[in-house]
Amino acid sequence: AVTLNLTGVLDDCFCDIESIDVFNNFKIYPHIRKLVERDFFRYYKVNLKRPCPFWPDEGQCSIKDCHVEPCPEVRVQHAWLICFNLTIPKKLVLILNQTKEAFADWAHHDDAQDHFCGLDDEMSPEAEHVDLLLNPERYTGYKGPSAWRVWNSIYEENCFKPRSVYRPLNPLAPSRGEGFYKWMEGLCLEKRVFYRLISGLHSSINIHLCAEYLLDEGWGKSVWGPNLHEFRQRFDPAETKGEGTRRLKNLYFLYLIELRALSKVTPYFERSFINLYTGNSQEDSSTKELLLQVLNETKAFPMHFDESSMFAGHKIESKTLKEEFRLHFKNISRIMDCVGCSKCRLWGTLQTQGLGTALRILFSEKEIKKLPENSPSKGFQLTRQEIVALLNGFARLSTSIKELHNFRTLLKDQR
């Protein structure tokens with residue numbers, strides 16, 4: 001019988017897995033699933049043609065499920081009416097242009113030092129709007145050395161790790177990684193957190209691929225669903241020498257970090273002039289209402305991660321460490337340009353930017369507290385791109401925890 005040993009209190013915080021399961025599956029998941037289907041959140045502008053800056057480009061994956069379908073009728077100059085074939089009245093054009101100018105002004109004043117991700121150039125001619133509902137994250141067949149190389153580069157070069165220490169079960173390493181966790185125990189909290197965030201993101205992506213697996217292509221129609229064999233290969237403690245449980249605990253840890261960020265950023269969205277603009281005032285109003293409902297649920301969670309213990313040491317050392325943290329994360333966002341599968345790159349980029357935005361929120365508490373009630377602030381702003389990535393990224397984590405519950409049920413049924 002397979003048991004995931006997924007229970008009890010998580011390391012580096014005071015929250016237990018069972019509480020997260022109940023909170024997510026009953027209070028968060030049903031609402032955030034609806035939220036990301038709204039027009040404001042379903043369109044994401046991304047440049048999938050940037051070259052890989054770290055090794056020679058191996059070309060794009062030729063598997064049909066790797067392909068991303070961009071919006072066919074994008075009006076880039078009217079970004080809030082994406083993918084709709086609408087006749088735009090002159091008055092609305094004026095409003096749209098004014099809104100666009102306001103966002104451009106905010107973006108201009110954003111402090112680049114605060115960003116944990118390389119922000120995509122939204123005005124790049126190669127950036128396209130993608131309908132996330134038409135391009136769901138799922139198994140595409142992209143795997144093997146090319147995919148390993150990307151994750152290996154993320155872990156080996158960006159997780160504060162010396163080259164002499166090897167990760168367990170790394171297919172590209174000469175060692176089994178016996179000393180890895182002993183090395184990790186000696187790290188400061190911030191560096192441990194960084195590794196666990198990346199591992200959690202990796203686990204979450206793997207759960208999505210196992211949950212939405214191509215089961216059958218018969219009669220011209222693809223059938224997608226959970227693949228228990230794939231799940232066990234990645235997470236069964238017996239098949240992963242105990243690594244599977246650690247990977248899943250890191251997913252829960254990542255969920256807590258992003259949950260904390262959402263609770264912290266609630267005052268930003270509570271201000272009356274913040275409008276999730278699409279041009280449909282009725283839908284915009286109900287979208288904001290639904291967003292605030294989700295955010296208020298996050299605030300009510302009783303066992304939040306305490307980020308005040310991070311970067312809390314000596315002032316100069318903390319500043320250096322925070323900058324290292326930011327640069328490592330920015331580098332990971334560039335490694336996503338090396339993913340050969342367009343759909344994997346789309347979702348990898350979005351989720352990395354979502355996590356980067358969450359980190360920026362956690363380390364901007366003073367700026368958020370000083371936000372003026374009735375006007376934009378140059379001290380802290382979120383771009384539309386960051387908002388879309390933040391909520392969709394968290395929705396992916398919420399989905400992972402819900403899917404994990406489904407996999408545990410399937411494993412029980414197999415006994």
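I started with S199, which sits in helix α6, residues 189-211 (helices are DSSP runs of H or I, at least four residues, and strands are E runs of at least two, numbered from the N terminus). This is a predicted model, where local features need pLDDT of at least 70, side-chain atom pairs count only at pLDDT 80 or more, and totals for chains, interfaces and linings use all residues. Residues are numbered from 1 along each chain as its sequence is written, and side-chain values use heavy atoms, with hydrogens and water left out.

Is S199 buried or exposed? I found S199 buried because its relative accessibility is 4% (buried is under 20% relative accessible area, exposed over 50%, partly exposed in between, with a 1.4 Å probe and protein chains only). Setting aside residues up to four places away in sequence, S199 touches Y155, R247 and N250 (contact means heavy atoms within 4.5 Å).

Next I checked the UniProt record, an unreviewed entry: its "binding site" lists R138, T140, W151, S199, H202 and R234 (annotations may be inferred rather than shown by experiment). From this set, R138, T140, W151, S199, H202 and R234 are in the lining of the largest pocket.

Then I looked up T140, in the loop between β2 (128-131) and α4 (145-158). T140 counts as buried, because its relative accessibility is 6%.

I noted H67 as partly exposed because its relative accessible area is 47%. Beyond its neighbours within four places in sequence, H67 contacts N135 and K343. H67 and C341 are 274 residues apart in sequence, yet 7.3 Å apart in space, C-alpha to C-alpha.

Methods:
1 Å grid on protein atoms, 1.4 Å probe; cavity = no way out; pocket = protein on both sides within 12 Å on 5 of 7 lines; lining within 4 Å.
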